[in-house]
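User: I am new to reading structures. Please take me through a few features, giving the general idea and then the case here.

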Amino acid sequence: MKTAFKNATVVTVYGGHKNVLDGDIIVLTTHQLYRYNCFFDLLILDEADAFPFKDNEVLRNIFKNSIKGNYVIMSATLDSSQEILPDNNVVNLFLYERFHKHDIPVPKIVIKSGVMKLYFLIKKVKEYLNDNKPV
């Protein structure tokens with residue numbers, strides 16, 4: 001954020017980092033939103049369908065109460081049947097591909113037993129390293 005917005009004061013608020021609470025751009029965990037009642041002109045929530053926000057009515061209410069202006073709720077895995085904040089004034093926008101045109105990876109469950117677990121793990125790690133993927 002600091003690189004992209006060089007002239008803005010970027011503040012991070014989470015866990016043990018909560019001495020400075022105000023800035024032009026505030027990046028924080030959803031649990032820290034309770035500090036900001038009717039505060040944000042624009043609040044962007046990413047990974048809205050993930051822990052700890054998903055199905056957490058307390059965090060949902062804290063989120064709603066911290067908004068003074070507009071908000072954007074984002075998720076890479078949200079489907080059209082899920083509503084994060086039901087509201088008649090909300091416009092839902094769904095993007096079905098990512099900016100680089102690659103599909104969103106879908107996890108696969110692979111069950112191996114005995115020595116095959118270790119062999120499979122080593123093979124996958126080598127494959128990811130060869131493809132310069134994070135491991």
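Analyst: Start with K68, which counts as partly exposed at 49% relative accessibility. The scale works as follows: buried means under 20% relative accessible area, exposed over 50%, and partly exposed in between, using a 1.4 Å probe and protein chains only. This is a predicted model, in which local features need pLDDT of at least 70 and side-chain atom pairs count only at pLDDT 80 or more, while totals for chains, interfaces and linings use all residues. Residues are numbered from 1 along each chain as its sequence is written, and side-chain values use heavy atoms, with hydrogens and water left out.

User: Which residue meets K68 in a salt bridge?

Analyst: Side chains of opposite charge can pair when their charged atoms come close. The term salt bridge requires a side-chain nitrogen of Lys or Arg within 4 Å of a carboxyl oxygen of Asp or Glu. K68 has D41 as its partner, at 3.4 Å from N to O. This pair joins distant parts of the chain, since D41 is in strand 3 (residues 40-45) and K68 in strand 4 (residues 67-73), 27 residues apart. Strands (E, at least two residues) and helices (H or I, at least four) are DSSP runs, numbered from the N terminus. D41 counts as exposed, at 53% relative accessibility.

User: How many salt bridges does a search of the whole structure find?

Analyst: The search finds three. In one of them, E57 pairs with R60, with the closest N and O atoms 3.8 Å apart. These two residues lie three apart in helix 1 (residues 57-66), so about one helical turn separates them. R60 is buried, at 14% relative accessibility, whereas E57 is partly exposed, at 44%. K124 and E127 also form a salt bridge, at 3.2 Å between the closest N and O atoms. Both sit in helix 2 (residues 115-130), again about one turn apart.

User: How many aromatic pairs does the structure hold?

Analyst: There are five. One of them is F63 with Y71, an edge-to-face pair because the ring centres are 5.7 Å apart and the planes stand at 85°. Rings of Phe, Tyr and Trp (its six-membered ring) pair if their centres lie within 6.5 Å; planes under 30 degrees apart count as stacked, over 60 as edge-to-face and the rest as tilted. F63 is buried, with 1% relative accessible area, and Y71 is partly exposed, at 26%. Ring pairs also join Y36, F39 and F40 into a cluster.

User: Which residues have the most contacts inside the largest nonpolar core?

Analyst: A nonpolar core is a set of buried Ala, Val, Leu, Ile, Met, Phe, Trp, Tyr and Cys residues joined through side-chain atoms within 4.5 Å. The largest one here has 13 residues, with F40, L43, F53 and F63 making the most contacts inside it. Strand 1 (10-13), strand 3 and helix 1 each give two or more residues to this core. Strand 3 contributes the most, with three.
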